[in-house]
Amino acid sequence: MKYNKQAMIEALKHSIEVAKERIKELKKPSQKSTAHIRAAERDFWKKKLKRYKEQLSVLKTLQRLIFIKMKRI
């Protein structure tokens, strides 16, 4: 089970990096006709990034709790 959580943590870290790169790309200047679409997509990635970070913190907390619990045994 520890491996699965570690794999999830690594996957979330990768997803966070991808989301950050996409947000950075969408901040670049564009044609006026696509500005609203890019802004909407940028907002989507910001929300997604926030969820990824929340999930990552939960997994790390669970991993620490399991480690502490195993240490007591």
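Glu25 comes out at 40% relative accessibility, so it counts as partly exposed (buried is under 20% relative accessible area, exposed is over 50%, and partly exposed sits in between, using a 1.4 Å probe and protein chains only). Keep in mind that this is a predicted model, where local features need pLDDT of at least 70, side-chain atom pairs count only at pLDDT 80 or more, and totals for chains, interfaces and linings use all residues. Residues are numbered from 1 along each chain as its sequence is written, and side-chain values use heavy atoms, with hydrogens and water left out.

Glu25 forms a salt bridge with Arg22, and their closest N and O atoms are 2.7 Å apart (the criterion is a side-chain nitrogen of Lys or Arg within 4 Å of a carboxyl oxygen of Asp or Glu). Both Glu25 and Arg22 sit in helix α1, residues 2-26, and they are 3 residues apart, about one turn of the helix. Helices here are DSSP runs of H or I with at least four residues, numbered from the N terminus.

Arg22 has a relative accessible area of 24%, which makes it partly exposed. Arg22 also forms a salt bridge with Glu41, again with the closest N and O atoms 2.7 Å apart. Glu41 lies in helix α2 while Arg22 is in helix α1, so this pair ties together parts that are 19 residues apart in sequence.

Glu41 is partly exposed too, at 27% relative accessible area. The structure holds 2 salt bridges, and Arg22, Glu25 and Glu41 are linked in a network of them.

## Helix α2

As for what is tucked away, Trp45, Leu49, Tyr52, Leu56 and Leu59 are the buried residues named for α2.

## One aromatic pair

There is 1 aromatic pair in the structure. The ring centres of Phe44 and Trp45 are 5.4 Å apart and their planes make 75 degrees, so the pair is edge-to-face. For reference, rings of Phe, Tyr and Trp (its six-membered ring) pair if their centres lie within 6.5 Å, with planes under 30 degrees apart called stacked, over 60 edge-to-face and the rest tilted.

Phe44 is partly exposed at 42% relative accessibility, whereas Trp45 is buried at 18%.

How values were computed. Helices (H or I, at least four residues) and strands (E, at least two) are DSSP runs, numbered from the N terminus.
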